[in-house]
Number of protein chains: 2
Amino acid sequence: MKLILALYPLLFLPALLWAQAGNSAQSRTAQPAAVVSPEVHGDRSVTFRFPDPNAREVKLQREGVEKPFAMQKGEDGVWSLTTEPLQPDYYGYAFIADGVQLVDPSNSLIKPNLLENESEVHVPGPLSLSWEVNDVPHGEIHHHFYHSAVAGDDRDYYVYTPPKYDPKENKTYPVLYLLHGYSDDASGWTAVGRANVILDNLIAQGKAKAMIVVMPLGYGTMEMIQARWNAWENKALRQENFNKFTQALLTEVMPRAESEYRIRKDRNSRAIAGLSMGGSESLLTGLNHLDKFAWIGAFSSGGIPEDFDKDFPGLDAKANQQIRLLWVACGTEDHLITVNRNLRAWLTQKGIQHTDIETPGMHTWMVWRRNLTAFAPLLFR
Amino acid sequence: MKLILALYPLLFLPALLWAQAGNSAQSRTAQPAAVVSPEVHGDRSVTFRFPDPNAREVKLQREGVEKPFAMQKGEDGVWSLTTEPLQPDYYGYAFIADGVQLVDPSNSLIKPNLLENESEVHVPGPLSLSWEVNDVPHGEIHHHFYHSAVAGDDRDYYVYTPPKYDPKENKTYPVLYLLHGYSDDASGWTAVGRANVILDNLIAQGKAKAMIVVMPLGYGTMEMIQARWNAWENKALRQENFNKFTQALLTEVMPRAESEYRIRKDRNSRAIAGLSMGGSESLLTGLNHLDKFAWIGAFSSGGIPEDFDKDFPGLDAKANQQIRLLWVACGTEDHLITVNRNLRAWLTQKGIQHTDIETPGMHTWMVWRRNLTAFAPLLFR
C-alpha cells in the first residue's frame with residue numbers, strides 16, 4: 001500500500017501522464033488501480049470508499065438521511081461503508097473527514113452548488129422512473145447570459161425547449177418558470193433535478209403537455225450567497241433578495257425569454273414553481289401577480305415570515321377566479337413541514353383553493369424530482 | 001477551534017439549517033466563519049486554505065506548475081499557502097492530502113472532468129483579456145442530447161451560437177468543430193475553456209467572424225475513460241476511439257447540427273480544432289477528410305503514433321490546394337513539444353504548408369484559451 005500511496009500524486013497529474021502516453025518512445029509503468037467509489041452493487045446497495053490514511057474519523061453524509069454514518073478504516077488507509085439496498089434514485093453524498101465535508105475524489109459526478117460541494121451517485125432503476133433516460137425524443141437545454149440591471153451583475157438562465165420545438169414554426173408553447181433552492185445555481189433543476197429528462201419522458205408518454213421551461217438564477221442579490229447561511233438571519237437582506245428576484249424575473253428574464261422563444265403570453269399559459277427558497281419565490285411572485293400567473297407550485301417552500309397577511313396583501317377568496325392551480329407540497333420528514341402546514345391553514349382560512357400534498361421524505365432532490373413529475377402533468381389543462 | 005471543528009458537520013447540513021432558517025420561531029445560533037479559500041489578494045497573489053487537522057502532509061497542485069507546493073499547517077488545523085502574484089487567468093488546482101487529490105471544500109468552482117476533480121480560481125485581469133466577461137452582446141450555449149448508434153450510448157454535444165443569431169433569419173454562418181482533451185467532458189471548452197466568452201469578445205471587437213461552434217463529446221468509445229489513463233497503453237482501444245470519434249462526428253453530430261442550425265455546408269466554411277486528444281482528432285479527421293474541412297487547428301496535440309505516413313495515408317503537397325489553414329501549436333514546456341515538432345518536420349518534409357506556433361506554457365488551459373484567441377480570428381477569411 002505504501003507504494004500505492006506514493007504513486008497517488010502521479011495518478012493525478014493528467015498533463016504529465018498524457019504527455020508520456022503521447023510519446024510512446026518513452027517507457028512508462030502501468031498505474032495502480034484507483035480506488036473505486038461509489039460502487040453500486042446488483043442488489044442496489046452502494047459501497048463508498050475514501051482514502052485518508054491519517055484521519056481519525058470519517059463519516060458518510062447521504063442526502064435524505066439526517067445523521068451521517070460512521071465509516072470503517074481498512075488496513076490500506078481506505079475508509080469504506082456499504083449501505084443497505086437503496087431505492088433507485090440519484091443521491092447526493094459527501095465524506096466528512098475529521099469534521100470537513102469533502103466530495104468523493106474517485107467520482108467525477110459532482111452536484112453544482114454555490115455553498116456546499118457534494119458528490120452524486122446514481123442507483124439505476126426501471127425506465128419507468130421519470131428521471132431515467134429513455135429512448136424517446138429529447139428536448140434541448142439553452143444557456144443564456146446577460147447583465148442584470150436589477151441585481152447589478154452578469155448572470156445566466158437556462159431554458160428547456162421540448163422535443164420537436166422549432167423556432168421557425170408558428171406553433172406556440174405554454175411556459176413554466178422553474179426555480180431552484182438556496183445555495184443552488186441556475187443549473188440546479190437540470191444538472192441535479194433532471195427536469196429535462198423528466199419533461200422528455202412525461203411528454204413522450206402523453207402525460208404532460210409540451211412546454212417551455214425557463215430556469216433563472218434565483219437570487220435577487222448575490223449578497224444572499226456571500227453572507228452564506230447567516231443570510232437568513234438578516235431579515236432586510238432576505239426581503240431584498242425576494243423583491244429583487246421578482247423584479248429581475250418580471251422585467252428582465254421574462255421579456256427576454258418571450259422574445260427569444262415561441263412562448264404564449266397569456267396568464268393561462270404561464271406557470272411558476274420552485275423548491276425551497278424557489279417555492280417561496282413562486283408563492284410571493286405568483287400570488288402577488290395573478291395577472292401574470294395562473295398556475296403556481298411550491299415544493300418544500302421556506303424562508304417566508306409567518307405573517308402571511310403581510311406577504312400576500314389583499315389576497316382572498318376572489319383569487320380563486322384566477323388561480324387554476326395552487327399546489328403546495330412538502331415532505332413529512334422535512335423540517336419545513338410545520339411552516340407549510342401553517343401556510344395551508346392560512347390559505348384555507350382565507351378561503352383560497354389549493355392542493356395539499358404531503359409525501360414521504362426530507363428536504364431533498366429525491367422529493368423534488370417526484371414533485372415535478374406529479375406537478376407538470378397538471379399544467380395547462 | 002475545537003468548537004469550530006465540532007460545528008463543522010452542522011455547517012454542512014444545508015437542509016437542516018435551511019429548515020431552521022425557514023422556521024424563525026426556532027432559536028438558532030450563528031454559524032462560525034467558514035474557511036475562506038481561495039483568497040485572491042489585490043496584488044494578485046492567492047492564499048489557498050485547506051482544513052485537515054490530522055494530515056501529515058498537504059500539498060497544493062496548481063495548473064501550469066509541475067511540482068506540487070508544500071503547504072504549512074496552522075495551529076487551527078488549517079493548511080495554507082500564499083502564492084507569488086499570478087498572471088491574471090483561471091487556474092485549476094487541487095490539494096493533495098497524504099497522497100490523495102481533493103478539491104477545495106471552500107470553493108464551489110469545480111472543473112468538470114471525468115477522471116480528476118479539480119477546483120478553479122479566477123485571478124481577474126483587465127477586460128482586454130479574451131476570457132473576461134465584457135459588456136458586449138453574448139452568444140448562447142445549447143446543450144443537445146442524443147443516442148449514438150456509433151458509440152452505443154446516450155451522449156451530448158454543445159453548440160455556441162453568436163450574438164444576434166436568429167434561426168428565423170436566412171443568414172448562414174461558418175462553423176468550427178471544437179474538440180476537448182482526454183478526461184474532459186463535452187462541456188470542457190465552455191465551462192473551463194470559456195470559448196463562448198472568448199468568441200463573444202473577439203466578435204464584438206471585429207477580430208473574429210461570427211461563427212457557430214459545435215463541441216461534441218470527444219470519445220469514440222467510453223471504454224477510453226473506463227480504462228482510465230492506462231487506456232493509452234492499449235493501441236487497439238486508442239485506435240478504435242479515434243476511428244469511432246470521426247465516424248460519430250461525421251455521421252451523427254455534423255448532420256444533426258447542420259439540420260438544427262443555419263450552418264454553411266461548404267468546406268471553406270468548416271473548421272475543426274481541438275486540444276490534446278482533440279488536437280489529434282482534428283488532424284486525423286481534418287487531414288483525412290479535406291473534402292469536408294478547409295481549416296484545421298491542433299493545440300498541444302498528442303496520442304498519435306509517430307508513424308505519420310500511416311496516420312495520413314496519401315497526404316502530400318497536393319493538399320495545399322485544399323488546406324486554407326493548418327495551425328499546429330504547442331507550449332514549449334509541454335511534454336508533447338517533441339511529438340509536435342516531429343509532426344511539423346514531417347509536414348515540412350511532405351511539402352505541406354502549415355503554421356508553426358510555439359508559445360510559453362505547459363499542457364494547460366491557460367495555453368489553450370490563448371490558442372483559441374489567436375486561432376479563431378484567422379478563420380473563414
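1. In β6 of chain A, A:Leu81 is the bridge partner of A:Phe48. Strand β2 (residues 46-51) and strand β6 (residues 78-82) of chain A run antiparallel and are joined by 5 bridges. Strands here are DSSP runs of type E with at least two residues, numbered from the N terminus, and two strands pair if DSSP finds at least two bridges between them.

2. Please keep in mind that this is a predicted model: local features need pLDDT of at least 70, side-chain atom pairs count only at pLDDT 80 or more, and totals for chains, interfaces and linings use all residues. Residues are numbered from 1 along each chain as its sequence is written, while chains are lettered from A and ligands numbered from 1 in the order in which they are written.

3. A:Trp79 in β6 stands opposite A:Phe50 and also opposite A:Lys73. β5 and β6 of chain A pair in the antiparallel sense over 2 bridges. They form a hairpin with 4 residues between them, and A:Gly77 in the turn has a positive phi of about 80 degrees.

4. These strands belong to an open, antiparallel sheet of 4 strands in chain A, in the order β1-β2-β6-β5. Its edge strands, β1 (39-40) and β5 (72-73), each pair on one side only.

5. A word on confidence: pLDDT is the predictor's confidence in each residue, from 0 to 100. Chain A averages 91, and 91% of the residues score at least 70. Over residues 1-32 of chain A, however, pLDDT stays under 50. Where pLDDT is low, the predicted coordinates should not be read in detail. The model scores ipTM 0.91 and pTM 0.92.

Conventions: Contact = placed C-beta atoms within 7 Å.
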